[in-house]
Amino acid sequence: MSSALRKEYLAALGLETWTLRGPATAASEPVAAPFDESAPVVAAAPREAARRDNVAPGDAAAPREAAYDWLQLRERVAACTRCGLSATRTQTVFGVGNLQAEWLVVGEAPGAEEDRQGEPFVGRAGQLLNAMLRAIGLAREQVYIANVLKCRPPQNRDPMASETMECLPFLDRQIALLKPRIMLVVGRIAAQNLLRTDAKLGALRQQVHSFGASGVPLVVTYHPAYLLRSPAEKRKAWEDLKFAREVFARG
Ligand code: SF4
C-alpha cells in the first residue's frame, strides 16, 4: 500500500498522522497514529456457514478434531462441556471472518458483549481492532478472528490452565483449516498460551515467532481492550502492526 493511500485510510478513521522531518527513509511512513475506536465500524463478514493432555499448541489436532470441517467444528464447539465455563456462558464464541483469510487474529477469550452476541471482538474493543486492521489496509471481513477460549470466563478473569488446555484443540483445528499466512496475536494471555512462555508481552513484541509444526509466522501486540485502558500504548501497537505488515509482505 502506498504511503498516500495509508494516510487516507488513517484519515478516514479519524487517526491523527504525521511524518518525521528529515531525510526520507522511514520518514514518509505515518507514525504513532493513535487508533480511534469511535471510527466507523467495518461490518463483519457473515459467519462461516479429545481432550488432550500435554499437547503443545500447534501440534496436530486431537483425533476428535482432526477430521472436522468448519461446520462440524462449529457444532462441536457449540455443544462443548469440556470445562466449567460451559456452565456460565450464554453461548460459545467460535470465531468469525473470511475462510480464505491470510491473516488470523487471535485474542484471549470472549468478554461480556461477545458472550451476548456470539462473535469475537465486538463492542469498543472490537471497534478498535477494526481500526487497527484498517490502518494497515485490512478490512475486518478480510481476516479471520478467533480466541483461545470459546467461552467467557466469569468477570473476565484470566483463563485457567485447565480451561485453556481443553479448548486449544479447537483453535488448533481452526488454524489447520484456515492455513493463515500470518497470525497476529493480541494480548499477553493469548501470546503466552500460543507460544507456551511466561515472558511478558513487551518481550514478545517486535519478533517473528513461529507457530506449530507448520511454522506460521506469529506476531504479538497489545489487546485492544488494554489499549482502551492505556491509550499511550497505541503508539507501540502501531509499530507492531507495521511490523506485522512487513513480515507478511516478506512472505
Ligand atoms: S471454553 Fe472451550 S473447552 Fe471450555 S466449555 Fe467452552 S468450548 Fe469447551
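Modeller: First, a term: a pocket is an open set of grid points with protein on both sides within 12 Å along at least five of seven lines, and lining residues have an atom within 4 Å of a point. Note that this is a predicted model.

Biologist: Fine. Which helices each supply at least two residues of the lining of the second largest pocket?

Modeller: α6 and α7 do. That pocket has a volume of about 270 Å³. It has 15 lining residues, and A161, T164, Q192, N193 and T197 are the closest to its centre.

Biologist: How does that lining divide by class?

Modeller: 7 nonpolar, 4 polar and 4 charged.

Biologist: And what volume does the largest pocket have?

Modeller: About 700 Å³. Its lining has 27 residues, with E108, H223, A225, Y226 and R229 nearest the centre. By class, 13 are nonpolar, 6 polar and 8 charged. Helices α4, α5, α7, α8 and α9 each give at least two of the lining residues.

Biologist: Switching to α5. Which of its residues are buried?

Modeller: A125, G126, L128, L129, N130, A131, M132, L133 and A135. The helix covers residues 123-135 and spans 18 Å from first C-alpha to last, close to the 18 Å expected.

Biologist: What follows α5?

Modeller: G137, with a positive phi near 80°.

Biologist: Last one. How much space lies in the largest cavity?

Modeller: About 110 Å³. Among its 15 lining residues, C80, C83, C151, C167 and F170 are the closest to the centre. Helix α6 gives the most to this lining, with 4 residues. The lining has 8 nonpolar, 2 polar and 5 charged residues.

Conventions:
Residues numbered from 1 in each chain as written. Predicted model: local features only at pLDDT ≥ 70, side-chain atom pairs only at ≥ 80, totals over all residues. Heavy atoms only, no water. 1 Å grid on protein atoms, 1.4 Å probe; cavity = no way out; pocket = protein on both sides within 12 Å on 5 of 7 lines; lining within 4 Å. Points joined across faces, edges and corners; volume = space filled by probe spheres on them. Nonpolar A, V, L, I, M, F, W, Y, C, P; charged D, E, K, R; others polar. Expected span 1.5 Å × (residues − 1). Buried < 20%, exposed > 50% of the residue type's maximum accessible area, 1.4 Å probe, protein only.
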